[in-house]
Amino acid sequence: MPVKLNELLERTLPSLGYELVDCEMPAGGRLVRIFIDKPGGVDVEDCAHVSHHLTQLFAVENIAYDRLEVSSPGLDRPLKKEADFARFDGQEAQLKLREPIGNARRIKGVLRGSGAGIVRLETADGTHAIALANIDKARLVPKIEWRNTR
């Protein structure tokens, strides 16, 4: 993803009331996939509004693409920035690490705070302080509560 596009989105989306969660430009195509969020979540109208705005902005900024997709981050929302880990404190997350802890590169647990480049994750075998730089990928673990409607 060109740095220019990421910077443009980081400047533009907050003024529209949205947070940039992630931006992907898969290799081999001219698809731009953007994931947005806002307090209370994102609906179809939000995605349409952002898509319309970005279509016009990309034309002005000469951003070349064939297809633009704007969507919510989903229930298994990616965690990218330190602020994401702080925001979802107390929720369960799955982390893929660059360097293993013990023998594990994948670790799952409850987020227990972050700061100064460190994320704390409570697992069955204790709380780990993990450097943000050691986290390759992180996602929330979806919590789906089924209610009996009878």
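Is W146 buried or exposed? In this predicted model, W146 has a relative accessible area of 77%, above the 50% limit, and is therefore exposed.

**View 1. A nonpolar patch on the surface, formed by L75, I144 and W146.** Together these three residues have about 440 Å² of accessible area. W146 lies in the segment after β8 (135-140), whereas L75 is placed in the loop between β3 (67-71) and α3 (82-87). L75 counts as exposed, with a relative accessibility of 60%.

View 2. For L75 and P142, the separation is 67 residues in sequence but 5.2 Å in space, taken from C-alpha to C-alpha.

**View 3. The largest nonpolar core, which has 20 residues.** The residues with the most contacts inside this core are L9, I34 and F58. At least two core residues are supplied by each of α1 (3-16), β1 (19-24), β2 (31-37), α2 (44-61) and β3, and the largest share, 5 residues, comes from α2. A second, separate core has 14 residues, including F85, L97, L111 and L140. In soluble globular proteins, nonpolar side chains tend to be buried together.

**View 4. F58 and its contacts, with the aromatic pair that it forms with Y65.** When residues up to four places away in sequence are not counted, F58 touches L5, L8, L9, V32, I34, I63, Y65 and L68. Two of these contacts, L9 and I34, are listed together with F58 as the residues with the most contacts inside the largest core. The count of aromatic pairs comes to 1. The ring centres of F58 and Y65 are 5.5 Å apart and their planes stand at 75°, so the pair is edge-to-face, a class that requires an angle over 60 degrees. F58 and Y65 are both buried.

**View 5. N134, a buried residue in a loop.** The loop that holds N134 runs between β7 (126-131) and β8. N134 has a relative accessibility of 15%, which is under the 20% limit, and therefore counts as buried. With residues up to four places away in sequence left out, N134 touches K96, L97, R98 and E99; among them, L97 also belongs to the second core.

Methods. Residues are numbered from 1 along each chain as its sequence is written. This is a predicted model: local features need pLDDT of at least 70, side-chain atom pairs count only at pLDDT 80 or more; totals for chains, interfaces and linings use all residues. Side-chain values use heavy atoms; hydrogens and water are left out. Patches are made of residues with over 30% relative accessible area and no salt bridge: like charges are joined within 9 Å, nonpolar side chains (Val, Leu, Ile, Met, Phe, Trp, Tyr) within 5 Å. Accessible areas come from the Shrake-Rupley method with a 1.4 Å probe; for residues, only the protein chains shown count as cover. A salt bridge is a side-chain nitrogen of Lys or Arg within 4 Å of a carboxyl oxygen of Asp or Glu. Helices (H or I, at least four residues) and strands (E, at least two) are DSSP runs, numbered from the N terminus. Buried means under 20% relative accessible area, exposed over 50%, partly exposed in between (1.4 Å probe, protein chains only). Rings of Phe, Tyr and Trp (its six-membered ring) pair if their centres lie within 6.5 Å; planes under 30 degrees apart count as stacked, over 60 as edge-to-face and the rest as tilted. Contact means heavy atoms within 4.5 Å. A nonpolar core is a set of buried Ala, Val, Leu, Ile, Met, Phe, Trp, Tyr and Cys residues joined through side-chain atoms within 4.5 Å.
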